[in-house]
Amino acid sequence: MGFDINQKRVDMMRRGEDPSNELEASEFEGCDIHFTADLNDLKDVEFFIVAVPTPIDNQNIPDLTPLLGATRTVGQVLKKGDFVVYESTVYPGCTEEDCVPLLERLSNLRFVEDFKVGYSPERINPGDKEHTLESIIKVSSGCDPESAELIARVYELVVKAGVHRAASIKVAEAAKIIENTQRDVNIALINELSIIFNRMGINTYDVLEAAGTKWNFLKFQPGLVGGHCIGVDPYYLVYKAKEYGHNPEVILAGRRTNDGMGDYIAGCIDAALGKPSSVLVLGLTFKENIPDLRNSKVVDIVAGLKARGHTVTVHDAFADAEEAEAEYRIALAGPLETLSAFDAVVGAVIHAPYAALKAEDFARLVRPGGLVADVKGMWRSLALPASFARWSI
């Protein structure tokens, strides 16, 4: 049973269309799955898996609205003997402190005695065809030894890489949140180094290539940290840490650095242009080759350029134009081949069509003497006309 409150999404899945563009239509064929938005269809379900977004608000405070909404849905149909497993990234304690009391109240059942709860964080990497659900070790947990083992065995039915049984629900919650926090802090370090190297006139990617020849060098790259995981999850840990009386300075410093990169990049491009110009930004999604626009930090580049007096056109090879308009009030440009003669082109996301651009494409897209701003370093080896100015993070 696949349940979603978005009827449009349900209809797409019924037609064999993956809203996230992760699965081919052929992968839906022969699947014994009933996609529904009807709560009545859930009355016979015995094992619930809750996987909804866990965003933050404008003050970087955890917004549990989707999570508690999904919990209310489950609570209305929960029966004695059922299992509820959460996969959404949360702070340690959220499952048992925020979700379980709601389940008890709505179902009139007793936690542990009447129903079991577990936590098994989602670990897939959007757009990654190699590291899929089946090939990534799954972390799972339960509210008691019996539920912990049964939940692990359920996941072992589909996860070929195996299941790690965490010591408790809180341990599993904490393990997930530090995975993304660690990445965030490491990327922040490289972003800060890129700012330093930029002032020195040194190409950051050249430095990383050289340093990366050492076996134990961690190969992180500079750039924008958006999306619904790495750019959000550290704030969940910060929220809980402050509740316990600790101000996590390293985590917050990393967040400040990464959250400021969009405007920093806009400032560098503005300085390179020197005057109000027409700018084409290639890419709006938070990551390459996926349509997901959640918490896109490219938006900060666009806003920063507009605030500095530039006229900005945005193109994305994968994003939905209606969603971009509704979410960010950004009108996406038409086919790339119809665009030409900008003062600057900004490579913001490594979508495959952008990485494949050739010198003749830039000759059409950029006016003679214009700027090619390569935020992601995807055009480093591309020979461009000598008249073009180049900037990289």
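Residues are numbered from 1 along each chain as its sequence is written, and side-chain values use heavy atoms, with hydrogens and water left out. Because the model is predicted, local features need pLDDT of at least 70 and side-chain atom pairs count only at pLDDT 80 or more, while totals for chains, interfaces and linings use all residues.

Helices (H or I, at least four residues) and strands (E, at least two) are DSSP runs, numbered from the N terminus. Strands of a sheet pair through backbone hydrogen bonds, either parallel or antiparallel; here two strands are said to pair if DSSP finds at least two bridges between them. The open sheet has 5 strands in the order β3-β4-β5-β6-β7, and its pairing is mixed. At its edges lie β3 (47–50) and β7 (163–165), each of which pairs on one side only. From one strand to the next, the twist averages 25 degrees.

Strand β4 (residues 83–86) pairs with β5 in the parallel sense over 4 bridges, and V85 has G118 in β5 as its bridge partner. Strand β5 (residues 116–119) is covered on both faces, with K116 and G118 buried on one side and V117 and Y119 buried on the other. Buried means under 20% relative accessible area, exposed over 50%, and partly exposed in between (1.4 Å probe, protein chains only). Strand β6 (residues 138–142) runs parallel to β7, joined to it by 3 bridges; K138 has V163 in β7 as its bridge partner.

Contact means heavy atoms within 4.5 Å. Axes are lines fitted to C-alpha atoms, for helices over the stretch in contact, and angles run from 0 to 180 degrees between N-to-C directions. Helix α3 (residues 94–107) touches β4 and β5, and its direction makes about 145 degrees with that of β5. Helix α4 (residues 145–156) touches β3, β4, β5, β6 and β7, and its direction makes about 150 degrees with that of β6.

Next comes helix α7 (residues 233–243), which is mostly covered, as 8 of its 11 residues are buried. Among them are Y235, V238, K240 and A241. The buried residues of α7 pack against α3, α5 (169–200) and α8 (249–259). After α7 comes G245, whose phi is positive, near 85 degrees.

How do helices cross one another? The axes of α5 and α7 come within 8 Å and cross at roughly 110 degrees. The two helices are therefore roughly perpendicular to each other (angles under 35 degrees count as roughly parallel, over 145 as roughly antiparallel, 65 to 115 as roughly perpendicular and the rest as oblique). In α5, I177, I178, N180, T181 and D184 meet D233, P234, Y236 and L237 of α7. By class, this contact has 5 nonpolar, 2 polar and 2 charged residues. Here Ala, Val, Leu, Ile, Met, Phe, Trp, Tyr, Cys and Pro count as nonpolar, Asp, Glu, Lys and Arg as charged, and the others, Gly among them, as polar.

Helices α9 (residues 261–273) and α10 (residues 298–307) pack at an angle of about 45 degrees, with their axes 7 Å apart, and are therefore oblique to each other. G262, D263, I265, A266 and I269 in α9 meet D300, I301, G304 and L305 in α10.
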